[in-house]
Amino acid sequence: KMETAVTAYERGELAALKDFVKAARAYISLLREHIQKEDHCLFSMVNENLSEEEQERLFKAFRAEESKIAKDQGPDFYLKKAQALAARFQVAPCDPKPGASSSCGHHGSGACGG
């Protein structure tokens, strides 16, 4: 829905901006629920049902996959993507202060107050 709204907005359909905002807010809600379920359900189930050895193997597999992704995308991949979108839509990009932490959105405010 967000992609459709962006395409419509770029064609000059200004009302699509409201559609984008609505879809983005729904996505934020979905992500928050997903993270909550991981934090409070999934991780508890893993701790109860997998041995320490199984958890360690899983942890190592995740780290290996994250390393491959980091090599492919580089450490600033998502920051550069956000900056490109800000430029594309003429939105002032967030300029975090040195040493400021970012936030996933559900643990409080990050460098940009979000």
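**The aromatic pair and its setting**

Tutor: In this predicted model, the chain has four helices and zero strands, so that α-α-α-α is the pattern read along the sequence. Of the 114 residues in the chain, 9% are buried. The accessible surface of the chain amounts to about 9,800 Å², with 57% of that area belonging to carbon and sulfur atoms. Among contacts between residues at least 6 apart in sequence, 27% join residues at least 24 apart.

The part in question is helix α4, which covers residues 77-88. Its 12 residues reach 17 Å from the first C-alpha to the last, close to the 16 Å expected at 1.5 Å a residue. Just after α4, Gln 90 adopts a positive phi of about 55°.

The structure holds one aromatic pair. Phe 77 and Tyr 78 form this pair, with 4.8 Å from centre to centre and 85° between the planes. The arrangement is edge-to-face because the angle of 85° is over 60 degrees. The two partners are described separately for accessibility: Phe 77 has 27% relative accessibility and therefore counts as partly exposed, whereas Tyr 78, at 58%, counts as exposed.

Together with Leu 14, Leu 17 and Val 21, Tyr 9 forms a nonpolar patch on the surface, and the four have about 350 Å² of accessible area together.

Conventions: Residues numbered from 1 in each chain as written. Predicted model: local features only at pLDDT ≥ 70, side-chain atom pairs only at ≥ 80, totals over all residues. Heavy atoms only, no water. Phe/Tyr/Trp six-rings, centres within 6.5 Å; stacked < 30°, edge-to-face > 60°. Buried < 20%, exposed > 50% of the residue type's maximum accessible area, 1.4 Å probe, protein only. Patch = residues over 30% accessible without salt bridge, like charges linked within 9 Å, V, L, I, M, F, W, Y side chains within 5 Å. Areas by Shrake-Rupley, 256 points an atom, 1.4 Å probe, with all protein chains shown as cover. Salt bridge = Lys/Arg side-chain N within 4 Å of Asp/Glu carboxyl O. Helix = DSSP H or I, 4+ residues; strand = E, 2+ residues; numbered from the N terminus. Expected span 1.5 Å × (residues − 1). Contact = heavy atoms within 4.5 Å.
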